[in-house]
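I am opening a notebook on this model.

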Amino acid sequence: MPWGQGAVAASGYRVDGNAASVVDGVPTIARIENGAIVEREIEFSLFQLDSIRIALNNPDFTTADRVREAIAKHLGSSQVEVLDSGTIEVWVGDKRNAPETIMAVENLLVTPDAVARVVIDEKSGTIVMGSDVRIAQVAISQGGLTVRVRENFGVSQPGPISLGGNTAVISEEPISIGGRQ
């Protein structure tokens, strides 16, 4: 039987006494955070692998595709495939090359997709947003404070005699903040 070691986070507990007992949650379920150390080795050979699979910690199709692109540039597009949002399969050409393939892939740099995130602290009223957050037209009012965000479109057009100029739509987002004086 394999053994494991690491910090165990239990999801419940059970306490028994002579005349009473208390159960909260499920006392038979626990988790070892950040994996575990396996005490007994499992038979395995890299030289038997036809492919390796990369599992993303945070599944995301954009990140998976960026990983695929980086591997395809290094090994060739026929060597890699995105299976789902969290799994990328890399084909090993010659079974003897599995270690070299792993070494080549593990050193590639990939920028993961940033999640648009908003964190609101109700107690202090603080709102923190990531750069990928987009706000549609909105008006927010709380107490004596009002915030309005609108999107207006303008057109930038080159002069009549200019060469190579292009007409472009420009987005203007006036934000107004007001309160009681």
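The entries below follow the order in which I looked things up.

**Entry 1: ground rules.** I am working on a predicted model, where local features need pLDDT of at least 70, side-chain atom pairs count only at pLDDT 80 or more, and totals for chains, interfaces and linings use all residues. Residues are numbered from 1 along each chain as its sequence is written, and side-chain values use heavy atoms, with hydrogens and water left out.

**Entry 2: the whole chain.** I counted two helices and 16 strands. Both are DSSP runs numbered from the N terminus (helices: H or I, at least four residues; strands: E, at least two). The chain has 181 residues, and 14% of them count as buried. Here buried means under 20% relative accessible area, exposed means over 50%, and partly exposed lies in between (1.4 Å probe, protein chains only). I then looked at contacts, meaning heavy atoms within 4.5 Å. Among those between residues at least 6 apart in sequence, 45% join residues at least 24 apart.

**Entry 3: the helix pair.** How do H1 and H2 cross? The axes of H1 (residues 61-75) and H2 (residues 98-106) come within 10 Å, and the crossing angle is roughly 125 degrees. Axes are lines fitted to C-alpha atoms, for helices over the stretch in contact, with angles from 0 to 180 degrees between N-to-C directions. The two helices are therefore oblique to each other. For that label, angles under 35 degrees are roughly parallel, over 145 roughly antiparallel, 65 to 115 roughly perpendicular, and the rest oblique. H1 passes H2 in a right-handed crossing.

I listed the residues in contact next. H1 brings Ile71, His74 and Leu75, while H2 brings Thr101, Ala104 and Val105.

**Entry 4: H2 and its buried residues.** I found Ala98, Pro99, Thr101, Ala104 and Val105 buried in H2. The buried residues of this helix pack against strand S7 (51-55), H1 and S9. I picked out Thr101, which sits in H2. Thr101 counts as buried because its relative accessibility is 8%. Leaving aside neighbours within four places in sequence, Thr101 touches Ile52, Leu75, Val90 and Val92.

**Entry 5: the core.** Which residues form the largest nonpolar core? There are ten: Ile52, Leu56, Ala64, Val67, Ile71, Ala72, Val80, Ile88, Val90 and Val105. Such a core is a set of buried Ala, Val, Leu, Ile, Met, Phe, Trp, Tyr and Cys residues joined through side-chain atoms within 4.5 Å. H1 and strand S9 (87-91) each supply at least two of its residues. H1 gives the most, with four.

Not counting residues up to four places away in sequence, Leu56 touches Thr63, Ala64, Val67, Ser85, Gly86 and Ile88. Thr63 is part of H1. Thr63 is buried, at 9% relative accessible area. Beyond four places in sequence, Thr63 is in contact with Leu56, Pro112 and Asp113.

**Entry 6: two loop residues.** Is Asn57 buried or exposed? Asn57 counts as exposed, at 77% relative accessibility. I placed Asn57 in the loop between S7 and H1. Asn57 and Gly86 are 29 residues apart in sequence but 7.4 Å apart in space, C-alpha to C-alpha.

Arg134 lies in the loop between strand S11 (126-129) and strand S12 (138-142). Arg134 is exposed too, at 67%. From Arg134 to Ala116 I noted 18 residues in sequence and 8.1 Å, C-alpha to C-alpha.

Note on methods:
Left-handed = near helix turned anticlockwise from the far one by under 90°.
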